[in-house]
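Please look over the sequence and the structure shown below before reading on. The briefing that follows is arranged by topic.

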Amino acid sequence: MQTIKSRSIIRLLPWLLSAQFAFAGIASAASPEATHAAIPAVLVADRQIDASDLSIGYADLGPSDGKVIILLHGWPYDINSYAEVAPQLAARGYRVIVPHLRGYGSTRFRSADTPRNGEPAALASDVIALMDALKIQRATIAGFDWGARSAGIVAALWPERVTALVSVSGYLIGSQEAGKQPLPPEAELKWWYQYYFATDRGRAGYTKYTHDFAKQIWQLASPQWNFDDATFDRSAAALDNPDHVAITVHNYRWRLGLADGEPKYAALEQRLAQAPTISVPTITIEGDANGAPHPLPASYAKKFTGKYEHRTFTGGVGHNPPQEAPREFVQAVIDATRL
(Lines give C-alpha, C1' and ligand atoms only; values in the text may rest on other atoms or scores of the structure.)
Protein backbone atom coordinates (compact mmCIF):
# COMPACT_ATOMS: atom_id res chain seq x y z
CA MET A 1 0.00 0.00 0.00
CA GLN A 2 1.33 3.44 -0.91
CA THR A 3 1.94 5.90 1.86
CA ILE A 4 0.20 9.28 1.81
CA LYS A 5 3.54 10.88 1.06
CA SER A 6 4.22 8.64 -1.93
CA ARG A 7 0.71 9.18 -3.33
CA SER A 8 1.21 12.94 -3.07
CA ILE A 9 4.50 12.70 -4.93
CA ILE A 10 2.87 10.66 -7.70
CA ARG A 11 0.02 13.18 -7.98
CA LEU A 12 2.41 16.09 -8.22
CA LEU A 13 4.87 14.41 -10.58
CA PRO A 14 3.32 15.66 -13.86
CA TRP A 15 3.25 19.21 -12.46
CA LEU A 16 6.82 19.05 -11.16
CA LEU A 17 8.15 17.61 -14.40
CA SER A 18 6.28 20.14 -16.51
CA ALA A 19 7.41 22.92 -14.22
CA GLN A 20 10.99 21.77 -14.70
CA PHE A 21 10.56 21.90 -18.45
CA ALA A 22 8.81 25.27 -18.26
CA PHE A 23 11.69 26.85 -16.38
CA ALA A 24 14.21 25.07 -18.59
CA GLY A 25 12.43 26.45 -21.61
CA ILE A 26 12.81 29.97 -20.25
CA ALA A 27 16.51 29.43 -19.67
CA SER A 28 17.43 27.53 -22.82
CA ALA A 29 14.57 28.35 -25.25
CA ALA A 30 13.98 24.64 -25.81
CA SER A 31 11.34 23.98 -28.44
CA PRO A 32 7.84 22.94 -27.25
CA GLU A 33 8.05 20.01 -29.64
CA ALA A 34 11.11 18.66 -27.86
CA THR A 35 9.43 18.97 -24.48
CA HIS A 36 6.27 17.26 -25.73
CA ALA A 37 8.28 14.42 -27.25
CA ALA A 38 10.24 13.86 -24.05
CA ILE A 39 7.29 13.25 -21.71
CA PRO A 40 3.66 12.70 -22.79
CA ALA A 41 1.47 15.27 -21.06
CA VAL A 42 -1.22 13.72 -18.87
CA LEU A 43 -3.61 15.50 -16.50
CA VAL A 44 -5.33 13.52 -13.77
CA ALA A 45 -8.59 14.54 -12.06
CA ASP A 46 -7.51 13.27 -8.65
CA ARG A 47 -9.85 15.50 -6.63
CA GLN A 48 -13.60 15.18 -6.07
CA ILE A 49 -16.05 17.63 -4.50
CA ASP A 50 -19.82 17.90 -4.13
CA ALA A 51 -21.10 21.01 -5.89
CA SER A 52 -24.88 21.44 -6.21
CA ASP A 53 -26.23 18.61 -8.43
CA LEU A 54 -22.81 17.14 -9.12
CA SER A 55 -19.85 15.44 -7.59
CA ILE A 56 -17.18 17.09 -9.73
CA GLY A 57 -13.88 15.45 -10.56
CA TYR A 58 -11.10 17.95 -11.11
CA ALA A 59 -7.36 18.53 -11.18
CA ASP A 60 -5.92 21.11 -8.79
CA LEU A 61 -2.37 22.25 -9.52
CA GLY A 62 -0.11 24.95 -8.12
CA PRO A 63 0.06 26.75 -4.79
CA SER A 64 -3.17 26.83 -2.81
CA ASP A 65 -2.79 30.57 -2.22
CA GLY A 66 -2.11 31.44 -5.86
CA LYS A 67 -4.42 33.49 -8.04
CA VAL A 68 -7.00 31.07 -9.39
CA ILE A 69 -7.38 30.06 -13.02
CA ILE A 70 -10.21 27.72 -14.07
CA LEU A 71 -9.78 25.91 -17.39
CA LEU A 72 -12.88 24.47 -19.11
CA HIS A 73 -12.75 21.84 -21.85
CA GLY A 74 -15.16 21.28 -24.71
CA TRP A 75 -16.98 18.46 -26.52
CA PRO A 76 -15.81 15.80 -27.22
CA TYR A 77 -12.57 16.46 -25.34
CA ASP A 78 -11.57 16.34 -21.68
CA ILE A 79 -9.22 17.93 -19.17
CA ASN A 80 -6.19 16.64 -21.07
CA SER A 81 -6.68 19.52 -23.48
CA TYR A 82 -4.87 21.41 -20.72
CA ALA A 83 -2.27 18.74 -19.89
CA GLU A 84 0.56 21.06 -20.94
CA VAL A 85 -1.11 24.37 -20.16
CA ALA A 86 -2.10 23.68 -16.54
CA PRO A 87 1.37 22.68 -15.26
CA GLN A 88 2.99 25.65 -16.96
CA LEU A 89 0.55 28.04 -15.30
CA ALA A 90 1.06 26.28 -11.95
CA ALA A 91 4.81 26.66 -12.35
CA ARG A 92 4.27 30.41 -12.60
CA GLY A 93 2.50 30.53 -9.25
CA TYR A 94 -1.16 30.23 -10.23
CA ARG A 95 -3.59 27.81 -8.66
CA VAL A 96 -5.10 25.98 -11.63
CA ILE A 97 -8.44 24.15 -11.43
CA VAL A 98 -9.41 21.90 -14.36
CA PRO A 99 -12.81 20.19 -13.91
CA HIS A 100 -14.49 17.50 -15.94
CA LEU A 101 -17.76 18.91 -17.26
CA ARG A 102 -21.00 17.13 -16.42
CA GLY A 103 -21.07 13.92 -18.42
CA TYR A 104 -17.28 13.52 -18.53
CA GLY A 105 -14.63 11.63 -16.64
CA SER A 106 -15.14 11.29 -12.89
CA THR A 107 -17.88 13.92 -12.63
CA ARG A 108 -21.16 12.32 -11.56
CA PHE A 109 -24.70 13.37 -10.74
CA ARG A 110 -25.39 13.06 -7.03
CA SER A 111 -28.93 11.83 -7.63
CA ALA A 112 -30.36 9.42 -10.17
CA ASP A 113 -33.44 11.66 -10.31
CA THR A 114 -31.64 14.78 -11.54
CA PRO A 115 -32.35 15.51 -15.24
CA ARG A 116 -29.36 14.84 -17.47
CA ASN A 117 -29.49 18.40 -18.70
CA GLY A 118 -26.95 19.83 -21.13
CA GLU A 119 -28.39 23.32 -21.59
CA PRO A 120 -25.85 26.17 -21.45
CA ALA A 121 -27.16 27.77 -18.25
CA ALA A 122 -26.79 24.46 -16.42
CA LEU A 123 -23.19 23.99 -17.52
CA ALA A 124 -22.29 27.56 -16.56
CA SER A 125 -24.03 27.19 -13.20
CA ASP A 126 -21.82 24.17 -12.55
CA VAL A 127 -18.81 26.50 -12.67
CA ILE A 128 -20.29 28.80 -10.05
CA ALA A 129 -21.23 25.79 -7.90
CA LEU A 130 -17.66 24.52 -8.12
CA MET A 131 -16.25 27.91 -7.16
CA ASP A 132 -18.63 28.09 -4.19
CA ALA A 133 -17.73 24.56 -3.07
CA LEU A 134 -14.01 25.38 -3.25
CA LYS A 135 -14.58 28.79 -1.60
CA ILE A 136 -13.13 30.59 -4.60
CA GLN A 137 -14.52 34.11 -4.82
CA ARG A 138 -12.93 35.17 -8.12
CA ALA A 139 -11.00 33.47 -10.90
CA THR A 140 -9.71 33.93 -14.40
CA ILE A 141 -11.75 31.55 -16.55
CA ALA A 142 -10.57 30.18 -19.89
CA GLY A 143 -12.18 27.70 -22.24
CA PHE A 144 -12.85 26.45 -25.74
CA ASP A 145 -15.96 24.98 -27.38
CA TRP A 146 -18.52 24.18 -24.64
CA GLY A 147 -15.99 25.47 -22.14
CA ALA A 148 -15.74 28.85 -23.86
CA ARG A 149 -19.52 29.15 -23.89
CA SER A 150 -19.72 28.41 -20.17
CA ALA A 151 -16.86 30.80 -19.42
CA GLY A 152 -18.58 33.56 -21.38
CA ILE A 153 -21.89 32.97 -19.61
CA VAL A 154 -20.25 33.15 -16.20
CA ALA A 155 -18.50 36.37 -17.19
CA ALA A 156 -21.76 37.87 -18.49
CA LEU A 157 -24.04 36.86 -15.61
CA TRP A 158 -21.60 36.85 -12.69
CA PRO A 159 -18.90 39.39 -13.62
CA GLU A 160 -18.04 39.93 -9.95
CA ARG A 161 -16.73 36.34 -9.88
CA VAL A 162 -14.45 36.72 -12.92
CA THR A 163 -11.04 38.37 -12.89
CA ALA A 164 -10.52 37.89 -16.62
CA LEU A 165 -11.82 35.77 -19.50
CA VAL A 166 -10.03 33.85 -22.25
CA SER A 167 -12.49 32.55 -24.84
CA VAL A 168 -11.69 30.55 -27.95
CA SER A 169 -13.99 31.59 -30.81
CA GLY A 170 -15.09 34.61 -28.83
CA TYR A 171 -18.70 35.25 -27.96
CA LEU A 172 -20.69 32.00 -27.98
CA ILE A 173 -23.74 32.92 -25.91
CA GLY A 174 -26.93 31.91 -27.70
CA SER A 175 -30.54 30.99 -27.11
CA GLN A 176 -33.24 28.69 -28.43
CA GLU A 177 -34.82 31.64 -30.23
CA ALA A 178 -31.55 32.40 -32.00
CA GLY A 179 -31.24 28.72 -32.85
CA LYS A 180 -34.43 28.92 -34.89
CA GLN A 181 -32.80 31.18 -37.46
CA PRO A 182 -31.56 29.30 -40.55
CA LEU A 183 -27.96 29.67 -41.66
CA PRO A 184 -26.48 29.62 -45.16
CA PRO A 185 -26.06 26.05 -46.50
CA GLU A 186 -22.28 25.98 -46.01
CA ALA A 187 -22.70 26.89 -42.33
CA GLU A 188 -25.53 24.40 -41.83
CA LEU A 189 -23.35 21.64 -43.28
CA LYS A 190 -20.78 22.14 -40.51
CA TRP A 191 -23.51 21.51 -37.94
CA TRP A 192 -24.33 18.08 -39.38
CA TYR A 193 -23.86 16.33 -36.03
CA GLN A 194 -26.39 18.61 -34.36
CA TYR A 195 -29.09 17.36 -36.70
CA TYR A 196 -27.86 13.78 -36.38
CA PHE A 197 -28.30 13.98 -32.61
CA ALA A 198 -31.84 15.27 -33.13
CA THR A 199 -32.86 11.79 -34.28
CA ASP A 200 -33.21 8.51 -32.39
CA ARG A 201 -30.84 6.98 -34.95
CA GLY A 202 -28.28 9.63 -34.04
CA ARG A 203 -28.54 8.96 -30.33
CA ALA A 204 -28.18 5.23 -30.95
CA GLY A 205 -25.25 5.85 -33.27
CA TYR A 206 -23.41 8.05 -30.81
CA THR A 207 -24.05 5.50 -28.06
CA LYS A 208 -22.59 2.69 -30.16
CA TYR A 209 -19.70 4.59 -31.74
CA THR A 210 -18.82 7.22 -29.14
CA HIS A 211 -15.04 6.99 -29.52
CA ASP A 212 -15.10 6.71 -33.32
CA PHE A 213 -17.48 9.66 -33.49
CA ALA A 214 -15.28 11.77 -31.20
CA LYS A 215 -12.15 11.01 -33.22
CA GLN A 216 -13.91 12.12 -36.40
CA ILE A 217 -14.93 15.38 -34.73
CA TRP A 218 -11.32 15.95 -33.64
CA GLN A 219 -10.13 15.41 -37.21
CA LEU A 220 -12.75 17.67 -38.78
CA ALA A 221 -12.37 20.42 -36.17
CA SER A 222 -8.56 20.45 -36.34
CA PRO A 223 -7.66 19.21 -39.83
CA GLN A 224 -3.96 20.10 -39.51
CA TRP A 225 -3.43 18.70 -36.00
CA ASN A 226 -1.61 15.37 -36.32
CA PHE A 227 -2.54 13.93 -32.94
CA ASP A 228 -1.62 10.29 -32.32
CA ASP A 229 -3.83 7.49 -31.03
CA ALA A 230 -2.37 7.67 -27.53
CA THR A 231 -3.25 11.37 -27.27
CA PHE A 232 -6.81 10.72 -28.38
CA ASP A 233 -7.25 7.64 -26.19
CA ARG A 234 -6.25 9.55 -23.04
CA SER A 235 -9.13 11.96 -23.60
CA ALA A 236 -11.60 9.45 -25.04
CA ALA A 237 -11.60 7.54 -21.74
CA ALA A 238 -13.52 10.47 -20.23
CA LEU A 239 -16.36 9.89 -22.69
CA ASP A 240 -17.16 6.57 -21.03
CA ASN A 241 -19.02 8.48 -18.32
CA PRO A 242 -22.52 6.95 -17.93
CA ASP A 243 -24.20 10.32 -18.55
CA HIS A 244 -22.08 11.46 -21.49
CA VAL A 245 -24.44 10.51 -24.31
CA ALA A 246 -27.50 11.90 -22.54
CA ILE A 247 -25.79 15.24 -21.83
CA THR A 248 -24.45 15.55 -25.38
CA VAL A 249 -27.75 14.74 -27.06
CA HIS A 250 -29.72 17.03 -24.75
CA ASN A 251 -27.32 19.92 -25.36
CA TYR A 252 -27.78 19.85 -29.12
CA ARG A 253 -31.50 19.10 -29.04
CA TRP A 254 -31.99 21.99 -26.62
CA ARG A 255 -30.27 24.35 -29.04
CA LEU A 256 -32.79 23.41 -31.75
CA GLY A 257 -35.74 23.76 -29.39
CA LEU A 258 -36.37 20.01 -29.47
CA ALA A 259 -35.77 19.49 -25.74
CA ASP A 260 -36.80 21.53 -22.73
CA GLY A 261 -34.47 22.87 -20.10
CA GLU A 262 -35.03 22.80 -16.35
CA PRO A 263 -37.34 25.46 -14.88
CA LYS A 264 -34.70 26.50 -12.36
CA TYR A 265 -32.52 27.80 -15.20
CA ALA A 266 -35.31 29.59 -17.07
CA ALA A 267 -34.55 33.05 -15.66
CA LEU A 268 -30.88 32.69 -16.59
CA GLU A 269 -31.74 31.59 -20.12
CA GLN A 270 -34.03 34.60 -20.49
CA ARG A 271 -31.14 36.89 -19.62
CA LEU A 272 -28.84 35.05 -22.02
CA ALA A 273 -31.42 35.39 -24.80
CA GLN A 274 -30.81 39.16 -24.63
CA ALA A 275 -27.18 38.53 -25.73
CA PRO A 276 -25.66 40.42 -22.78
CA THR A 277 -22.33 42.16 -23.20
CA ILE A 278 -19.25 41.04 -21.28
CA SER A 279 -17.45 43.71 -19.29
CA VAL A 280 -14.56 41.77 -17.72
CA PRO A 281 -11.06 41.98 -19.25
CA THR A 282 -11.03 39.52 -22.14
CA ILE A 283 -8.74 37.95 -24.70
CA THR A 284 -10.46 36.02 -27.49
CA ILE A 285 -8.62 33.45 -29.56
CA GLU A 286 -9.13 31.81 -32.92
CA GLY A 287 -7.07 29.16 -34.65
CA ASP A 288 -6.22 29.85 -38.28
CA ALA A 289 -7.28 26.29 -39.22
CA ASN A 290 -10.41 25.87 -37.10
CA GLY A 291 -12.64 23.44 -38.98
CA ALA A 292 -15.54 23.61 -36.52
CA PRO A 293 -18.42 26.09 -36.80
CA HIS A 294 -17.29 29.42 -35.37
CA PRO A 295 -18.13 33.12 -35.74
CA LEU A 296 -15.75 35.64 -37.31
CA PRO A 297 -13.91 37.81 -34.74
CA ALA A 298 -15.29 41.01 -36.26
CA SER A 299 -18.83 39.81 -35.57
CA TYR A 300 -18.40 39.68 -31.80
CA ALA A 301 -15.73 42.25 -30.89
CA LYS A 302 -18.32 44.80 -29.73
CA LYS A 303 -19.82 42.30 -27.29
CA PHE A 304 -16.78 42.83 -25.07
CA THR A 305 -17.05 46.23 -23.43
CA GLY A 306 -14.07 46.06 -21.06
CA LYS A 307 -10.38 45.78 -21.86
CA TYR A 308 -10.26 43.52 -24.88
CA GLU A 309 -7.82 41.90 -27.27
CA HIS A 310 -8.14 39.28 -30.01
CA ARG A 311 -5.41 36.86 -31.06
CA THR A 312 -5.28 34.51 -34.03
CA PHE A 313 -3.03 31.51 -33.51
CA THR A 314 -1.28 30.63 -36.77
CA GLY A 315 0.53 27.59 -38.09
CA GLY A 316 -2.44 25.31 -38.65
CA VAL A 317 -4.06 25.62 -35.20
CA GLY A 318 -7.56 24.19 -35.12
CA HIS A 319 -10.44 24.03 -32.67
CA ASN A 320 -8.46 23.02 -29.58
CA PRO A 321 -5.78 25.74 -29.13
CA PRO A 322 -4.74 24.82 -25.57
CA GLN A 323 -3.63 21.40 -26.76
CA GLU A 324 -2.46 22.41 -30.23
CA ALA A 325 -0.64 25.60 -29.20
CA PRO A 326 -0.08 25.33 -25.42
CA ARG A 327 2.71 27.91 -25.18
CA GLU A 328 0.63 30.59 -26.88
CA PHE A 329 -2.44 29.69 -24.84
CA VAL A 330 -0.50 29.95 -21.57
CA GLN A 331 0.71 33.39 -22.57
CA ALA A 332 -2.82 34.50 -23.46
CA VAL A 333 -4.11 33.44 -20.04
CA ILE A 334 -1.28 35.22 -18.23
CA ASP A 335 -1.76 38.35 -20.32
CA ALA A 336 -5.51 38.33 -19.66
CA THR A 337 -4.95 38.30 -15.90
CA ARG A 338 -2.83 41.43 -16.36
CA LEU A 339 -5.21 43.41 -18.57
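In strand E4, Val96 is the bridge partner of Leu61, and Ile69 also stands opposite Val96. Helices (H or I, at least four residues) and strands (E, at least two) are DSSP runs, numbered from the N terminus, and two strands pair if DSSP finds at least two bridges between them. This is a predicted model, in which local features need pLDDT of at least 70 and side-chain atom pairs count only at pLDDT 80 or more, while totals for chains, interfaces and linings use all residues. Residues are numbered from 1 along each chain as its sequence is written, and side-chain values use heavy atoms, with hydrogens and water left out.

**Strand E4 and its partners**

- Strand E2 (residues 54-61) runs antiparallel to E4, and four bridges join the two.
- E3 pairs with E4 in the parallel sense, over three bridges, and together with helix H3 (residues 85-91) these strands make a right-handed β-α-β unit; right-handed here means that, with the strands pointing away from the viewer, the path from the first strand over the helix to the second runs clockwise.
- Strand E4 (residues 95-99) is mostly covered, since five of its five residues are buried, where buried means under 20% relative accessible area, exposed over 50%, and partly exposed in between (1.4 Å probe, protein chains only).
- Both faces of E4 are covered, with Arg95, Ile97 and Pro99 buried on one side and Val96 and Val98 buried on the other.

- Helix H5 (residues 146-157) has 12 residues, which at 1.5 Å a residue should span 16 Å, and its end C-alpha atoms are 17 Å apart, which agrees; the expected span is 1.5 Å times one less than the number of residues.
- H5 is mostly covered, with 12 of its 12 residues buried, among them Trp146, Arg149 and Leu157.
- The cover over the buried residues of H5 includes strands E3 (68-72), E6 (139-143) and E7 (162-168), as well as helices H4 (120-133), H12 (244-255) and H13 (266-272), a contact being heavy atoms within 4.5 Å.

- Thr140 lies in strand E6, and with a relative accessible area of 2% Thr140 is buried.
- Leaving aside residues up to four places away in sequence, Thr140 touches Val68, Ile69, Ile70, Thr163, Ala164, Val333 and Thr337.

**Backbone details in the loops**

- Most residues other than glycine have a negative phi, and most peptide bonds are trans.
- The peptide bond from Trp75 to Pro76 is cis, with omega near -5 degrees, and Pro76 lies in the loop between E3 and H3.
- Asp145, in the loop between E6 and H5, has a phi near 55 degrees, a positive value in a residue other than glycine, and at 13% relative accessibility Asp145 counts as buried.
- Ala275, in the loop between H13 and strand E8 (282-287), likewise has a positive phi, near 55 degrees, but at 29% relative accessibility Ala275 counts as partly exposed.

- On a 1 Å grid over the protein atoms alone, a cavity is a set of points where a 1.4 Å probe fits but cannot get out, and a pocket is an open set with protein on both sides within 12 Å along at least five of seven lines, while lining residues have an atom within 4 Å of a point.
- The structure holds two cavities of 30 Å³ or more, and the second largest cavity has a volume of about 80 Å³, a volume being the space filled by probe spheres set on the grid points, which are joined across faces, edges and corners.
- The lining of the second largest cavity includes Leu54, Ile56, Pro99 and Leu123; E2 and H4 are the elements that give two or more residues to this lining, and H4 gives the most, with four residues.
- The largest pocket holds about 1,100 Å³ of space and is lined by 40 residues, of which Arg149, Leu172, Leu183, Trp191 and Arg255 lie nearest its centre.
- The largest share of the lining of the largest pocket, four residues, comes from H7.

**The chain as a whole**

- The protein chain has 16 helices and nine strands, and buried residues make up 55% of its 339 residues.
- Among the contacts in the protein chain with a separation of 6 or more, 79% are accounted for by residues 24 or more positions apart.
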